[in-house]
Structures are given as structure tokens and as C-alpha cells.
Number of protein chains: 2
Amino acid sequence: MLDKLSAIVGATNVMTGDARARWMTEWTGYFPSDPLAVVRPGSTEEVAQVIRLANETGTPVVPVSGNTGLAGGTQAVGAITLSLDRMNKIHEIRPDARIAIVDAGVILSDMHQAAEAESLIFPLTFGAKGSAMIGGVLSTNAGGSNVLRYGNTRDLVLGIEAVLPNGEVVNLMSELHKDNSGYNLRHLLVGAEGTLGVITRAVLKLMPKPRAYATAMVAVPTLEQALLLLNRLQEATGGAVEAFEYMPRNYIEAHKRLNPANRAPFDEMHDINLMVEVGATAPRDVTPGPDGVVPIAAHLEQTLADMFEQGLLLDAVVAQNDSQRQAMWERREAAAEIVMGSGRPVSNNDIAVPVDKVAEFFARMTPRLDALDPGAEPIVVAHLGDGNVHYAVWMSVEDARTKDAVTEAVEDEVLRLGGSFSAEHGIGQGKLSSMARRKDRVALAAMRAIKQALDPNGIMNPGKVLPPVND
Amino acid sequence: MLDKLSAIVGATNVMTGDARARWMTEWTGYFPSDPLAVVRPGSTEEVAQVIRLANETGTPVVPVSGNTGLAGGTQAVGAITLSLDRMNKIHEIRPDARIAIVDAGVILSDMHQAAEAESLIFPLTFGAKGSAMIGGVLSTNAGGSNVLRYGNTRDLVLGIEAVLPNGEVVNLMSELHKDNSGYNLRHLLVGAEGTLGVITRAVLKLMPKPRAYATAMVAVPTLEQALLLLNRLQEATGGAVEAFEYMPRNYIEAHKRLNPANRAPFDEMHDINLMVEVGATAPRDVTPGPDGVVPIAAHLEQTLADMFEQGLLLDAVVAQNDSQRQAMWERREAAAEIVMGSGRPVSNNDIAVPVDKVAEFFARMTPRLDALDPGAEPIVVAHLGDGNVHYAVWMSVEDARTKDAVTEAVEDEVLRLGGSFSAEHGIGQGKLSSMARRKDRVALAAMRAIKQALDPNGIMNPGKVLPPVND
């Protein structure tokens with residue numbers, strides 16, 4: 001097997017023994033890998049040959065790109081770890097058509113820089129952007145902090161190329177905004193977490209780079225005022241809110257502990273802190289008024305001032321320059337380090353509820369958490385504008401059963417409020433029991449039928465997304 | 001069989017003989033039906049029972065809602081025609097959440113009115129809106145004139161309920177903008193044209209109703225200037241262009257012939273006529289300036305005036321009131337009557353190319369059409385902002401072989417330009433040969449595998465979307 005793999009990708013690109021180290025751990029620490037080998041193809045054709053070999057021999061294949069997922073979707077034991085990291089070319093950026101044609105191994109922040117060089121943006125962003133790669137971003141339909149304005153990854157991709165479980169290459173590299181020619185295989189492969197094939201290339205949508213941003217940290221008395229602020233800002237700017245992020249007091253405190261250089265947003269500590277950002281796309285929004293203030297900033301400052309006068313706001317700081325803005329983003333994007341880096345056991349829950357139900361969700365969880373683990377402490381951060389709450393919990397002890405009980409309680413309350421038990425991190429292995437317990441039975445059966453039809457030998461990322469049938 | 005169907009939906013809702021008349025013809029005239037019976041269920045449960053019976057007996061089922069498609073997707077011969085028209089309730093509109101929960105049989109224009117009553121819009125619109133129903137709109141992933149700003153139907157639906165080919169009901173009625181819990185079955189069923197099941201209910205996204213529109217007819221010397229106008233308008237308004245529609249001279253002339261009351265947009269006839277509309281969503285766009293003109297209209301008028309001065313524009317008329325605006329829309333939405341109502345045989349082609357390749361597509365088609373049928377005349381209308389061209393051709397004779405040769409020539413040129421042979425009307429039966437000839441082989445095989453997995457008895461709308469394997 002190793003010889004055959006070496007014949008396909010070259011011996012230096014088949015890693016065994018200690019050379020696999022980089023791919024054996026991932027940073028949540030919950031999903032260590034022990035792959036048969038790590039194989040690093042250099043082209044789609046090499047990916048196809050590896051998958052064909054795996055399919056013929058019944059060898060499981062686990063695709064991995066940046067390996068920054070939080071749900072264990074890349075854990076490989078006795079499988080081939082297929083790393084896309086060598087396929088990292090940005091083939092083309094066409095500014096007029098506002099598209100980029102890229103390989104799966106392109107790092108997200110490299111994509112950001114390449115787009116910005118053309119005065120465009122690829123708007124998807126989240127904390128792990130310096131490591132996450134396009135392939136993983138697509139396979140998990142990643143979300144992040146700009147979904148409110150620009151949508152999930154799914155909404156930002158026009159076309160893909162992928163290798164199916166039988167080793168055949170499917171070319172869906174459309175650059176069009178309208179294409180109704182049969183079943184939408186692109187949307188099936190995006191978000192399938194590598195269980196239906198390996199995405200190797202994509203046509204991404206780029207957006208005009210906002211001419212200016214206005215960014216602020218805001219403290220409000222309750223989540224009701226937070227929603228009011230969101231609605232007033234959307235109204236004032238015609239829907240230009242790019243980010244609306246929630247950070248509670250213990251998040252701010254944990255961020256300060258992470259690094260002595262980190263500072264709190266306000267002199268006083270508040271319970272409910274928001275990071276808000278609006279982006280100006282039209283010239284009229286950046287033409288300074290008589291007072292020298294550009295309209296986009298004026299909209300934000302006026303909205304904040306009005307709410308402060310009405311007693312609906314506790315505190316607000318508007319970024320005065322780019323480095324102040326960057327500091328606000330850095331605090332938000334430290335979420336994963338804050339949650340996972342405390343040394344305490346973590347129950348991770350990535351859920352979504354209707355935006356006006358977030359406060360009720362928190363209220364319902366408090367007694368349930370107390371009953372399950374009185375020493376537990378929620379460490380929450382949320383894309384509040386999407387109703388997407390990362391309801392992580394620092395547990396008092398490392399105990400799988402209690403963690404799962406917490407997850408069950410979260411599922412109960414989320415589903416009661418019409419929400420989803422998995423918003424943007426996907427299922428991987430971490431949420432398999434949630435899938436088994438909560439997903440619509442008929443939907444689950446249809447997913448299994450599709451998996452069986454496209455991957456009859458079950459070689460593509462087995463044990464992920466779909467819980468075992470007997471669950 | 002008829003007794004069993006009557007037992008499910010009631011005898012009055014099983015139409016046979018002449019009572020089927022309404023469902024036996026459709027207005028292209030190319031796809032007459034002769035169904036076993038027309039069955040009109042009143043609930044999802046009744047749909048499920050009908051499908052279960054059909055699946056057990058191997059009886060084909062053809063779902064139909066408004067029956068306004070152009071590709072023959074609802075032709076039924078010896079099959080059960082399953083009409084969703086009785087399931088026509090708008091169950092709920094939640095203005096704060098900006099969603100509507102509706103049955104598949106709701107007529108599109110009824111949905112428009114219900115949304116407008118809440119100062120919201122359901123932005124999808126096209127000529128057949130007074131008959132088309134939500135179920136068909138979803139099943140075909142319909143496009144239309146506002147895709148430029150709001151996306152296709154696929155982008156406007158958060159959740160669906162559907163009956164799968166085995167008669168089981170799948171509940172995917174999410175109201176969330178983020179939900180990553182397994183394969184995206186919604187996007188698989190949307191656009192599957194009823195071949196993978198029957199969509200019975202949906203959660204639709206609503207959008208804020210623009211506070212004002214500015215609408216104009218514009219004549220330009222070439223398509224290059226048309227693109228320039230689009231880009232300048234997008235720039236001036238920050239992306240507020242809602243419609244950018246192309247109508248050539250013979251379209252305008254045919255529209256005048258349709259009804260003596262119809263008038264041409266300009267005193268003089270021009271070759272390239274555009275209907276453009278921008279929509280104002282922010283208060284600042286509708287606050288009148290010192291001259292009394294609201295900014296959204298000023299942006300449009302200024303852009304047109306500048307281009308006229310630069311010799312880039314031949315003529316322009318801005319709608320001065322709602323009835324002038326409606327007349328502009330009415331002209332555009334008469335497309336299907338214009339194309340199909342001439343009495344001449346029609347070759348229908350609904351294609352998309354990159355926006356900057358439309359002129360090249362036209363230029364390439366002229367000699368090819370001349371060679372195939374010297375008496376033929378293209379009768380074109382286009383969603384130019386999407387690169388979506390309805391390249392219909394009035395043929396000199398009714399001849400299937402020549403028609404197909406025209407379609408092949410269209411496919412050749414479209415694919416050479418990186419386009420799609422089916423943009424928004426879908427495949428149905430009319431584009432089956434295009435699918436067989438042009439669709440990626442691996443994609444087609446994957447689609448067939450999915451169809452086989454979900455509908456092993458092949459009962460759901462057989463003979464549509466997927467060409468026979470021996471093609």
C-alpha cells in the first residue's frame with residue numbers, strides 16, 4: 001500500500017512514523033489521530049489516484065486541510081490522512097467578474113490578502129483564518145463573523161471540483177450565478193465534511209471591499225437592547241452591519257488573563273459586551289459631511305448617542321483608527337484560545353436559535369447546568385446577529401457522561417426554541433450523538449441512502465457526520 | 001387505484017375524463033398531458049398517502065402546482081398528476097424574523113401581496129407570477145428579474161417540508177440562517193423538479209420593502225455601454241440595482257403587436273433597450289435633497305445624464321409615477337406571451353454566460369443560425385445583469401431536428417464561453433438532450449445514483465431531468 005501511494009505522490013509525500021506528527025494532534029486535544037500514513041498529493045489527478053486505490057482496497061481516507069475544526073472531523077485511526085496542504089495555488093483572480101479560482105489547500109488569510117490586493121474581499125472570516133484552508137472551509141460550510149452580511153461559505157462559492165469516493169473527478173467549476181442543470185451536487189458536497197468526496201478546487205465569489213468601516217465596542221444592560229441596537233443600525237445604514245458579536249464579562253476577563261497586554265474594552269466591567277461593525281460600500285457613505293465625519297461613522301455614532309441618551313446603552317467606544325479596530329477583532333477572534341486554553345475540561349456546543357430567543361436560551365440553561373454540574377461555568381461567545389451561540393461550558397471535572405448530559409440539555413432547550421444543535425462547526429464526531437438523538441429520522445435515512453449510493457465501500461471519512469445505524 | 005386514491009383525498013378531488021382538462025394542456029403547447037387521474041390532496045399527510053400508494057404499485061407521479069414551466073417538467077402520460085393547488089395557505093408571516101411559512105400551492109403573486117401588507121417583499125418575480133405557485137418555484141429553483149440583487153429561489157428559502165418517493169415526510173422546516181447538521185437535503189430537493197420528492201411546505205425569507213424605486217428605460221449603442229451603465233449604477237448606489245433587463249428592437253415591436261394599447265419606450269426605435277431599476281433600502285436614500293429629488297432617483301438620473309453627455313447613451317426615460325413604472329415592468333413580463341404567442345414555431349433556449357460575454361454569444365450565433373434556418377429570427381430577452389439570456393428563436397418551419405440543431409449550436413457557443421445550457425428554466429424534458437450531450441459525465445452518474453437511492457422504483461416524475469442511460 002505504501003509503495004503504491006509513493007508511486008502516486010512520490011515517496012517524500014507519504015509520511016509515516018514520526019513524520020506524521022503534525023497531523024496526529026489537533027488543538028482541541030480531544031481527537032488524536034494515528035493514520036496509516038499521511039499522503040500529500042500535488043494535484044487533483046493524484047488525489048483521484050489515491051482515492052481509486054483506497055476504494056479498490058477498502059482503505060478509509062480522511063481528508064484534511066488546515067485541521068482547525070472543533071468537531072473531530074479529521075480524526076484518522078488506521079486510515080490514510082489525505083492532506084491537501086501542497087495544493088495551495090490561487091490560480092486566478094478576475095476582479096471584473098469578482099471571482100477567484102483556487103485550490104483546496106489555500107490558507108484562508110492568504111485568500112483574504114490576495115483579494116484585498118484587487119480591492120475586493122473574500123468576506124468569510126474567523127479566528128483560525130491563519131491556518132484554515134479553503135477545502136476545509138467548504139467541506140464544513142464554515143460560518144464566522146461576517147455571515148450576517150455575506151452568508152455562510154455555501155453562499156460564497158459558485159463552483160467546485162471534487163474527487164468522488166469512486167476516484168472520479170466531478171467538474172462543477174461554474175462561474176455563473178444561474179445554472180439549473182440537474183441536482184445541485186455542489187451544495188451536497190459543501191458541508192458534507194469529506195464523507196462524500198474530496199473538494200479539490202473552487203470558484204469563490206469576491207465582494208467589493210468596503211470603502212470604510214466603523215467599529216465599536218458597546219455595553220448594553222440586556223440582550224433586548226442589543227437587538228434594538230442591531231435593528232436600528234441596520235435601519236440607519238440600509239443593512240450594512242457586517243459583524244454583531246456578543247462577549248460576556250467572563251469572556252473579557254479570560255481574554256485579559258490570556259496575555260497581560262490584552263485590555264478590557266471599558267474602564268468599568270460590564271456583563272454584556274458587543275462588538276459591532278458596519279461597512280460602507282457606496283461613495284456617499286464615505287464623503288465627509290460638513291463636520292468632517294464620514295456618513296458611515298456618523299450613522300454609528302448617532303445611533304449610539306441616541307441610545308445612550310435614552311438610557312438603553314451603558315457604554316460605547318468607537319475605534320478611532322485601524323489599530324483600535326484590529327484590537328477589537330483580535331479580542332473576538334481569540335475565542336477558541338480562550339475557551340480551550342483554560343486548562344479546564346470543556347463541553348463545546350455550537351447552536352443557533354432565532355435571534356430574539358437567545359436571552360431565553362441562556363435563562364433556561366442556568367438551572368439545568370446547575371443541576372448537572374454545580375461547578376460548571378458557561379464561557380460563551382456568540383454571533384448574536386445570526387442567533388449563533390457558542391455555548392461552551394468549563395466543566396468542573398473531565399467526565400464524558402456529564403458532558404454529554406450538558407449537550408443533551410442544550411439540545412432540549414435549543415429544539416424547544418426552534419433552533420439547531422449544530423450551527424456552523426458541523427457534526428464531525430463531536431456531535432454524532434446529537435445527530436442520532438435529534439435529527440429528523442427521515443432526513444437521516446435519506447442521508448444514509450445518499451452516502452451508500454455515492455460511497456458503497458464506505459471509504460470516505462467513515463464514522464463522521466452519520467451516526468451508526470443502531471444508534 | 002382510483003378507489004384507493006378517492007379514499008385518500010375524497011372522490012371530488014380525483015379528476016378523471018374531461019375533468020382533467022385544466023391539467024392536460026400547458027401554454028407552451030409542446031407538452032400535452034394525459035394523466036391516469038389528477039389527484040388534489042388537501043394536506044401533507046394526504047400527499048404522503050398518495051405517494052406511498054404510488055410507490056407500492058409502481059405508479060408514476062407527476063407533481064404540478066401552477067404549471068407555468070417552459071421545459072415540460074409536468075407532462076404526465078399514464079401517470080398520476082398530483083396537483084398541489086388546494087394546499088394554498090399562508091400559515092404565518094413573522095415580520096420581525098422576516099419569514100413566511102407557506103404551503104406549496106400558494107400563488108406567487110399572493111405571496112407578494114401578503115408580504116407587502118407587512119411592508120416586506122418576497123423578491124422573486126417573473127411574468128407568470130399570477131399563476132406560478134411556491135412548490136413549482138422551489139422545485140425548479142426559479143430565477144426571474146430580481147436575482148441580481150436577491151438571488152435565485154434557492155437563496156430565498158430557509159426550510160422545506162417534502163414527501164420523499166417512499167412516502168415519508170421529511171421535516172427540514174428550519175427558520176435559521178445557520179444550520180450545519182448533515183447533508184443539505186434542502187438544496188438537493190430545491191431544483192430537482194419533483195424527481196426526488198414533492199415539496200409540500202416552505203419557510204421563505206422576506207426582505208425589507210424598498211422605500212422607493214427609481215426605474216427607467218434606457219437605449220444604448222452597444223452592450224458594452226450597457227455593462228458600463230450597470231457598473232456605474234452599482235457603484236453609485238452601493239449595489240442597489242434590482243433589475244437590469246435587455247429587450248432588443250424586435251421584442252419591442254412584437255410587444256406593440258400584442259396589444260394596440262402597448263407603446264414603445266421611446267419615440268424613436270432603438271436596437272438595444274434596457275429596463276433598469278434601483279431600490280432604496282436606507283432612509284438616507286429617500287430623504288429629498290435641496291432640489292426636492294430623493295437621492296435614489298438622483299443617483300439614477302445623474303448616472304444617466306453623465307453617460308448621455310459622454311455620448312454613451314442614446315435615450316432614456318425615467319418613470320415619473322407608479323403607473324409608468326408598472327408599464328415598464330408589464331412590457332418585460334410579457335416575454336413569454338411575446339415569444340410563444342407569435343404563431344411561429346419556437347426553439348426555446350435559456351442560457352447563461354459571463355456578463356461580459358453576452359455580445360460575443362450573439363455575434364457567434366448569427367452565422368450559425370443562418371446556416372441552420374435562414375428564415376429563423378431570434379426573439380431574445382435577457383436578465384442582462386446575470387448574463388442570463390432567453391435565446392428563443394422563431395423558426396421558419398416546425399421541425400424537431402432543426403430545432404435541436406439550433407439548440408446544439410447554442411450549447412456549443414455557450415459552453416465555449418464558459419456558460420450553462422440551462423440557467424433558470426430547468427431541464428424538464430425540453431433540455432434532456434442537452435443534459436445527455438453536455439453535462440459532466442461524472443456529475444450525471446452521481447445524479448443517477450442519488451435518484452436510484454431515493455427513488456428505487458422510479459415513480460417520481462420519471463423521464464424528467466435525467467436523460468435515459470443509453471443516451
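A helix crossing is left-handed if the near helix is turned anticlockwise from the far one by less than a right angle, and right-handed if clockwise. Here, α8(A) passes α10(A) in a right-handed crossing. The contact, meaning heavy atoms within 4.5 Å, includes A:L228, A:L229 and A:R232 of α8(A), and A:H299, A:L300 and A:M307 of α10(A).

Some ground rules. This is a predicted model: local features need pLDDT of at least 70, side-chain atom pairs count only at pLDDT 80 or more, and totals for chains, interfaces and linings use all residues. Residues are numbered from 1 along each chain as its sequence is written, chains are lettered from A and ligands numbered from 1 in the order in which they are written, and side-chain values use heavy atoms, with hydrogens and water left out.

Now salt bridges: a side-chain nitrogen of Lys or Arg within 4 Å of a carboxyl oxygen of Asp or Glu.

Start with B:K178 and A:E424, 2.8 Å from N to O. B:K178 sits in a loop of chain B and A:E424 in a loop of chain A, so this pair joins two chains. Buried or exposed? Both B:K178 and A:E424 are buried. For the cut-offs, buried is under 20% relative accessible area, exposed over 50%, partly exposed in between, with a 1.4 Å probe and protein chains only.

Next, within chain A, A:E408 bridges to A:R438, with the closest N and O atoms 3.9 Å apart. A:E408 is partly exposed at 33%. A:R438 is partly exposed too, at 24%. Both belong to a salt-bridge network, with A:R364 and A:D404 also among its members.

Terms used
Helices (H or I, at least four residues) and strands (E, at least two) are DSSP runs, numbered from the N terminus.
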